[in-house]
Amino acid sequence: MPIKYHIEGRSHLNKQAFDSIGRAISQQLSLDREVSIGLSFVGSDKIKELNKTYADNNYATDVLSFYYGGEGTLGDIAICHEVAEIQAEEHHVSLESELALLLIHGTLHLLGYDHQNEAGIASMDKLQGGIMKLLNYNY
């Protein structure tokens, strides 16, 4: 079953890209249910505020995930477009590729994946890499 993103804000990714990313994640994880996720593209001031409020980190970050669980919306993802632009340049990838990676990363968090230890890091890296490859994005 596909992942459906409900989008707020402007992004360099188009609807087709969001749909493709949702399908690729669903396929890679063999999801058997439809998942609904809120997605907001925010500026650096807003992501810094969210990061301070919810993670006690006083800096602008690239992506944050907020898990709700239960029926309906699984959670929300906030992506900072400004931080994504900087990271795309640093990683020598397109902005579209960087945004796709951040969306995949945030979605995996909402689906229960984490990177708090070596095993989690390896698992998330492998999944992210496989999904990015499936979508033909550089990573």
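**The whole chain**

Start with a cartoon view of everything: the chain has 5 helices and 4 strands. Keep in mind as you go that this is a predicted model. Follow the cartoon along the sequence and you'll pass through the pattern β-α-β-α-β-β-α-α-α.

Along its principal axes, the C-alpha trace spans about 35 × 35 × 35 Å. The radius of gyration is 14 Å, which agrees with the value near 14 Å that a compact globule of 139 residues would have.

The accessible surface comes to about 7900 Å², and carbon and sulfur atoms own 46% of that. As for what's inside, 45% of the 139 residues count as buried. If you like drawing contacts, look at those between residues at least 6 apart in sequence: 61% of them join residues at least 24 apart.

**Stop one: helix 3 against helix 4**

Select residues 81–91 for helix 3 and 95–110 for helix 4, and give each its own colour. How do their axes cross? They come within 8 Å of each other, at roughly 115 degrees, and the crossing is right-handed.

Show side chains here to see who makes the contact:

- From helix 3: His81, Ala84, Glu85, Gln87, Ala88 and His91.
- From helix 4: Leu95, Glu98, Leu99 and Leu102.

Colour those residues by type and you'll get 5 nonpolar, 3 polar and 2 charged.

**Stop two: Ser97**

Stay on helix 4 and pick Ser97.

**Stop three: Asp114**

Move on to the loop between helix 4 and helix 5 (118–134), where you'll find Asp114. With a relative accessible area of 37%, Asp114 is partly exposed, because that value falls between the 20% and 50% cut-offs.

Which residues does Asp114 touch, leaving out those up to four places away in sequence? Select His109, Gly120, Ile121 and Met124.

Key:
Residues numbered from 1 in each chain as written. Predicted model: local features only at pLDDT ≥ 70, side-chain atom pairs only at ≥ 80, totals over all residues. Heavy atoms only, no water. Axes fitted to C-alpha atoms, helices over the stretch in contact; angles between N-to-C directions. Helix = DSSP H or I, 4+ residues; strand = E, 2+ residues; numbered from the N terminus. Left-handed = near helix turned anticlockwise from the far one by under 90°. Contact = heavy atoms within 4.5 Å. Nonpolar A, V, L, I, M, F, W, Y, C, P; charged D, E, K, R; others polar. Rg over C-alpha atoms; globule rule 2.2 N^0.38 Å. Buried < 20%, exposed > 50% of the residue type's maximum accessible area, 1.4 Å probe, protein only. Areas by Shrake-Rupley, 256 points an atom, 1.4 Å probe, with all protein chains shown as cover.
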